[in-house]
2 protein chains.
Amino acid sequence: MEQKEIDGVLDQVRAALEHGNIPGAISALATLHPADRAEAFADLPADDQDEIFPKLGNEAAADLLVEMEDEDAADAAGHLPSAQLADVLDEMEPDEAADLLGDLPPAQAADALAQMEDRDDVIPLLGHPDDTAGGLMTSEFFALRPQMTAQSAIDFLRGLNREAATPYYLYVVNRQGVLIGIVGLRDIIISRPDATIESIMKPDVIKVPVGTDQEEVARVMTRYDLLALPVVDAEGRLVGVINYDNIVDVIEEEATEDIYRLANVADGDLQVWSPIMLSVRRRLPWLVLNLLTAFIAASVIGLFEATIAKLAVLAVFQSIVAGEGGNAGTQTLAIMVRGMALGEIQFRDTWRALLREAAIGVMHGVVVGILVGLGAWLWRGIPILGLVIGLAMVGNLIAAGLAGTLVPLTLRAMKLDPALASAVIVTTVTDVVGFGLFLGLATLFLPLLIPAGG
Amino acid sequence: MEQKEIDGVLDQVRAALEHGNIPGAISALATLHPADRAEAFADLPADDQDEIFPKLGNEAAADLLVEMEDEDAADAAGHLPSAQLADVLDEMEPDEAADLLGDLPPAQAADALAQMEDRDDVIPLLGHPDDTAGGLMTSEFFALRPQMTAQSAIDFLRGLNREAATPYYLYVVNRQGVLIGIVGLRDIIISRPDATIESIMKPDVIKVPVGTDQEEVARVMTRYDLLALPVVDAEGRLVGVINYDNIVDVIEEEATEDIYRLANVADGDLQVWSPIMLSVRRRLPWLVLNLLTAFIAASVIGLFEATIAKLAVLAVFQSIVAGEGGNAGTQTLAIMVRGMALGEIQFRDTWRALLREAAIGVMHGVVVGILVGLGAWLWRGIPILGLVIGLAMVGNLIAAGLAGTLVPLTLRAMKLDPALASAVIVTTVTDVVGFGLFLGLATLFLPLLIPAGG
């Protein structure tokens with residue numbers, strides 16, 4: 001759907017609302033795909049939203065809540081009386097209902113849950129952390145027994161509610177509920193009607209335990225190109241299924257989190273249009289942390305204040321050495337963090353990675369060191385200044401490669417997110433090394449520098 | 001599959017190779033899932049790879065090539081005689097064959113294509129840019145006619161090669177090949193056998209033109225939770241289908257590209273273990289570009305060299321103002337770039353976004369400005385220095401918010417990637433404004449600063 005079509009419908013909705021015509025507004029919205037409808041709905045003023053939402057009907061309200069941002073959905077659902085909320089939740093997939101319940105105030109969630117018809121499907125899904133296999137899975141899946149025939153499986157599918165989601169795969173479980181096989185819908189269709197499921201199923205099933213981290217879930221589903229991934233408990237019993245559309249969200253979430261953390265934004269949920277005060281609360285602490293580390297770097301400069309007092313031109317060049325180190329360190333960091341997210345690097349690869357980045361640092365250092373040395377010499381006419389800045393640059397670019405590699409690997413070995421705070425640490429290292437090396441060398445060579453430039 | 005299982009199989013493969021037992025090595029590899037097999041194969045020395053690959057058999061070789069990294073696959077395929085390569089390509093899905101052909105030297109690709117049996121499926125896919133809908137689509141899809149009955153559709157599916165991929169959806173086209181509807185596999189199964197396809201299909205099909213950018217394709221498929229997206233030509237004729245597994249790759253690719261570009265790594269294909277010289281070639285130009293902009297910032301400091309010569313402590317604090325501005329600008333940039341990638345912000349939102357980031361900049365500036373002012377005052381005992389650095393910080397954090405918003409929006413309005421070079425430009429702005437404001441204010445207040453601290 002094009003943006004202008006959504007805008008066109010929005011104009012109709014607004015026109016209807018101006019005349020107090022709520023049913024008209026609702027039927028205009030209904031012409032949109034649910035995803036577009038949620039976007040259009042979110043663009044309406046809060047008052048209009050509050051007026052429309054309770055009158056939508058349970059199924060339409062459920063569709064809308066599923067497509068809305070989590071916070072907005074919790075807000076809209078929170079305004080419904082709990083009996084109506086229970087009916088709306090009954091219209092959702094169990095995992096979606098569980099997600100929404102988790103975002104509501106506990107008392108209201110308990111109230112609505114108690115009044116739900118399908119609560120037995122939803123209860124087992126509550127209590128799993130959102131970012132694990134258990135938090136992503138749905139309890140709505142199709143389990144066959146190995147002795148069933150292809151024909152009885154088809155009859156079983158025919159008997160399902162037409163509205164239920166199409167299963168991509170059917171799972172086969174034994175009497176204890178242990179997952180023992182998988183069979184595709186088409187394999188069933190093209191088999192002889194009296195063939196047993198056992199004879200057409202594949203016994204090797206890729207599966208994950210219920211506590212698996214969502215990043216690992218995404219990695220498994222992506223690696224093996226799976227449409228759905230079964231989730232098992234400690235005894236190997238099938239307890240749920242994760243569908244591919246949840247994985248796309250996980251991949252986008254994890255990528256956003258990495259991008260944000262590398263840029264010192266602590267909260268992956270922050271968005272362009274998040275409330276201003278929320279943005280400030282999530283960003284300001286990192287700026288303050290950076291300020292503290294900036295004072296550390298500044299105190300290194302402070303050690304050489306006497307040198308700078310004799311030769312102010314050093315203040316002109318010190319930032320070049322430190323800044324370029326920060327840039328090189330950030331490059332290494334980005335590649336390492338992304339490599340870890342995509343499963344390309346393990347902790348056992350540390351030495352190999354360190355040597356590699358050190359070698360790259362040397363090469364970058366030599367080239368950039370010569371360029372900056374020549375630049376400084378030509379600009380200021382002090383050859384020895386070029387030598388000092390060039391040498392400091394070589395050292396700092398090597399430090400950048402090492403810090404950019406070691407920091408994320410160490411964070412991960414400590415079971416922390418490799419992207420968390422790593423940019424702060426790496427740039428502090430390159431600032432300290434950069435300022436220290438450049439001003440330290442300049443202090444050493446000061447007698448040679450002053451007569452020429454002082 | 002666990003890493004240790006892959007490692008176990010690798011040990012068996014190596015043991016077999018030591019005894020020159022190629023068939024033994026191949027059958028050990030065959031116990032792995034194709035994705036794991038490709039990883040294990042990539043871990044073998046190049047000599048062993050060259051010995052194993054031609055003896056794999058066409059289907060196994062095709063499976064392996066599909067799972068390998070593009071460059072490695074082109075390299076391995078390039079070593080096959082063109083008749084054998086043609087047979088291997090015939091075992092692949094048409095879109096996979098087209099991708100591999102696109103990575104081979106043109107003469108060899110033309111040679112292999114000429115000898116392929118399925119070349120008519122592959123030829124229409126060649127010549128579409130890799131990063132468009134045409135480059136992502138496969139020509140292997142299932143099109144039904146509206147007059148067919150559900151039973152004849154099932155018979156048609158039964159008649160398909162068992163190895164062919166299961167279709168998620170079936171498309172309905174008219175006599176001219178124009179896409180007029182879509183029907184799910186289960187809808188066919190549960191319909192009366194004599195129902196026509198026209199009566200059970202949904203006529204509203206979400207589709208994209210063949211030239212659509214891959215980012216837009218990913219956005220549409222994610223937004224509407226589609227397993228497959230039909231691709232049409234200018235006349236609305238169905239020419240291909242994009243499957244969801246390609247989209248996961250696109251999303252990861254685009255996220256990697258954004259992360260890299262924000263970190264000044266120009267090439268999204270660069271990986272942790274890319275050849276060292278390739279890494280240097282892709283990263284060094286950005287370091288050199290950064291060096292040039294660092295000289296611009298340094299020349300701003302140079303304007304105030306006389307001030308610094310009189311009061312060296314300014315050199316200690318100048319980097320705090322500039323660096324903190326860089327951090328705040330990078331935060332804004334990350335949120336803007338991610339918001340654009342996920343479709344949350346358009347160019348028409350510029351004013352609203354600018355005002356928002358300016359407001360955030362003021363709030364950050366006031367808090368950080370007071371903290372840095374107090375810090376400087378307490379550390380050096382010069383209250384007026386605290387005032388100067390605090391004011392400069394407020395100004396620079398506002399500049400950071402504005403630059404972090406304007407630069408990516410402007411790049412996108414110019415049809416460039418909003419992440420490309422934006423970090424360089426934003427940090428140059430915050431360096432120039434930071435150094436200029438702080439040293440400029442210090443020069444103004446110099447008579448007040450010197451008696452106290454000189």
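This report describes the two chains of a predicted model, from the arrangement of the copies down to single residues.

Residues are numbered from 1 along each chain as its sequence is written, while chains are lettered from A and ligands numbered from 1 in the order in which they are written. Because the model is predicted, local features need pLDDT of at least 70 and side-chain atom pairs count only at pLDDT 80 or more, whereas totals for chains, interfaces and linings use all residues.

**The two copies and their contact**

The contact takes 86 residues from chain A and 87 residues from chain B, where two residues are in contact if their C-beta atoms, placed from the backbone, lie within 7 Å. On the side of chain A that touches chain B, the elements giving two or more residues include α12 (150–158), α17 (276–303) and α20 (350–380) of chain A, and α19(A) gives the most, with 19 residues. Helices (H or I, at least four residues) and strands (E, at least two) are DSSP runs, numbered from the N terminus. The residues on that side of chain A divide into 54 nonpolar, 18 polar and 14 charged; Ala, Val, Leu, Ile, Met, Phe, Trp, Tyr, Cys and Pro count as nonpolar, Asp, Glu, Lys and Arg as charged, and the others, Gly among them, as polar. Since 100% of the interface residues of chain A are also interface residues in chain B, the copies meet through the same surface.

**Chain A as a whole**

The secondary structure of chain A comes to 23 helices and 6 strands. Its radius of gyration is 30 Å, well over the 22 Å that the globule rule gives for 454 residues, so chain A is more spread out than a compact globule; the radius is taken over C-alpha atoms, and the rule is 2.2 Å times the number of residues to the power 0.38. The domains below come from an automatic or database domain assignment.

| Domain of chain A | Residues |
|---|---|
| domain 1 | 3–129 |
| domain 2 | 143–243 |
| domain 3 | 276–453 |

The centres of domain 1 and domain 3 of chain A, taken over C-alpha atoms, are separated by 50 Å.

In chain A, 3 strands form an open sheet of mixed pairing in the order β1-β2-β3, two strands being paired if DSSP finds at least two bridges between them. In chain B, strand β1 (residues 143–144) runs parallel to β2(B), joined to it by 2 bridges, and A143(B) has Y171(B) as its bridge partner. β2(B) and strand β3 (residues 179–184) of chain B pair in the antiparallel sense over 5 bridges, and they form a hairpin with 5 residues between them, in whose turn G177(B) has a positive phi of about 85°.

F347(A) lies in the loop between α19 and α20 of chain A. With 11 C-beta neighbours inside 10 Å, F347(A) counts as exposed; a residue is buried if 20 or more other C-beta atoms, placed from the backbone, lie within 10 Å of its own, exposed if 12 or fewer, and partly exposed in between. Leaving aside its neighbours within four places in sequence, F347(A) is in contact with L409(A), R412(A) and A413(A).
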